[in-house]
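Please open the model in your viewer and keep the selection panel at hand.

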Amino acid sequence: PLMLLLRDNREGANRQRFVVTSVHLPPANRKDDRDLQLPAMLHGYGAQVRGCAAFAKHRISAPPDGARQRGSERVLHIIAGDFNVYPGATEPPERCNGSALDPREAKQVYGLSAAGFVTTLAECTATSSGLKHYDNVLVDHYTHSRYVCYSTTLQLRKPHKSSGPDKKRGLSDHNPVSFTFQYSEGVARSAGA
């Protein structure tokens with residue numbers, strides 16, 4: 001995957017740093033490869049970040065107390081791209097009919113939460129002209145807890161379809177995904193809470 005380290009130098013942005021990773025995993029016809037690569041990427045992400053000299057001090061998880069003085073700094077981690085599957089998939093799968101799945105009964109297929117990430121698009125959101133969920137933006141737990149993070153798909157007026165009786169030519173069979181995050185002020189806690 002392509003990894004970039006970005007820094008926001010705008011006035012008042014506190015020189016916030018981001019590690020942005022772009023991914024493109026194998027398609028459904030190479031499901032076995034994809035299902036090996038996705039959990040390996042998620043669980044190896046922290047080691048990959050630490051192993052790269054440019055990112056070595058940019059930890060995936062919250063640094064321990066006093067780590068800032070030792071040179072670690074908190075950065076926001078974003079993984080975006082074409083996963084060719086919903087990266088937060090559960091077994092049994094999420095129900096897209098409005099009924100709730102008991103989270104205690106579901107086991108994550110790819111280990112997304114255990115790797116420290118959450119999705120910003122729900123599993124029932126179609127990101128392709130074939131009404132499949134392929135694309136997503138993942139953020140680490142710290143970013144998700146500290147910022148308001150959300151994604152949306154932009155419906156193309158003339159989507160590309162490469163098969164079927166209504167085959168069309170267009171830009172892409174994937175809808176663009178727009179990702180937004182903004183700082184959120186924390187709630188005030190009372191002494192008794």
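A salt bridge here is a side-chain nitrogen of Lys or Arg within 4 Å of a carboxyl oxygen of Asp or Glu. By that criterion, a search of the whole structure, which is a predicted model, finds 3 salt bridges.

**Stop 1: the salt bridges**

Select Arg30 and Asp33 to begin. Their side chains meet in a salt bridge with an N to O distance of 3.1 Å. Arg30 is partly exposed, at 40% relative accessibility, and Asp33 is likewise partly exposed, at 33%.

Next, select Lys31 and Asp35. The closest N and O atoms of this salt bridge are 3.0 Å apart. Because Lys31 and Asp35 are 4 residues apart in helix H1, about one helical turn separates them. Lys31 is partly exposed at 42% relative accessibility, and Asp35 is partly exposed with a relative accessible area of 21%.

The side chain of Arg34 meets that of Asp35 in a salt bridge of 3.0 Å, N to O. Is Arg34 buried or exposed? Arg34 is buried, its relative accessible area being 5%. Through salt bridges that share partners, Lys31, Arg34 and Asp35 are joined into one network.

**Stop 2: the whole chain**

The chain has 2 helices and 9 strands, and from the N terminus on its elements follow the order β-β-α-β-β-β-β-β-α-β-β. Of the 193 residues in the chain, 36% are buried. Among contacts with a separation of 6 or more, 58% involve residues 24 or more positions apart. If a surface is drawn, the accessible area of the chain comes to about 12000 Å², with 51% belonging to carbon and sulfur atoms.

**Stop 3**

In soluble globular proteins, nonpolar side chains tend to be buried together. To see the largest nonpolar core here, select Leu38, Leu42, Ile79, Phe83 and Phe117; of its 20 residues, these touch the most other members. The elements that give two or more residues to this core are S2 and helix H1 (31–51). Which element gives the largest share of this core? That element is H1, with 5 residues.

Apart from this core lies another, of 8 residues, which includes Ile78, Val118, Val139 and Tyr147.

**Stop 4: the aromatic cluster**

The structure holds 4 aromatic pairs. In one of them, the ring centres of Phe18 and Phe181 are 5.5 Å apart and the planes stand at 65 degrees, so this pair is edge-to-face. Phe18 lies in strand S2 (residues 17–24) and Phe181 in strand S9 (residues 177–183), so the pair ties together parts that are 163 residues apart in sequence. Phe18 is buried, with a relative accessible area of 11%, whereas Phe181 is partly exposed, at 26%.

Move to the pair of Tyr147 and Phe181. Their ring centres are 5.4 Å apart and their planes at 75 degrees, so this pair is also edge-to-face. Since Tyr147 lies in strand S8 (residues 147–153) and Phe181 in strand S9, the pair ties together parts that are 34 residues apart in sequence. Tyr147 counts as buried, at 13% relative accessibility.

**Stop 5: a buried loop residue**

Select Ser128, in the loop between strand S6 (117–119) and strand S7 (135–140). Ser128 is buried, with a relative accessible area of 4%. Which residues does Ser128 touch, not counting residues up to four places away in sequence? They are Tyr134, Asp173, His174 and Asn175.

**Stop 6: a nonpolar surface patch**

Finally, select Leu2, Leu4 and Leu6. These residues form a nonpolar patch on the surface, with about 270 Å² of accessible area together. Leu2 is found in strand S1 (residues 2–7) and is exposed, with a relative accessible area of 53%.

Terms used
Residues numbered from 1 in each chain as written. Predicted model: local features only at pLDDT ≥ 70, side-chain atom pairs only at ≥ 80, totals over all residues. Heavy atoms only, no water. Phe/Tyr/Trp six-rings, centres within 6.5 Å; stacked < 30°, edge-to-face > 60°. Buried < 20%, exposed > 50% of the residue type's maximum accessible area, 1.4 Å probe, protein only. Contact = heavy atoms within 4.5 Å. Areas by Shrake-Rupley, 256 points an atom, 1.4 Å probe, with all protein chains shown as cover. Patch = residues over 30% accessible without salt bridge, like charges linked within 9 Å, V, L, I, M, F, W, Y side chains within 5 Å. Core = buried A, V, L, I, M, F, W, Y, C linked by side-chain atoms within 4.5 Å.
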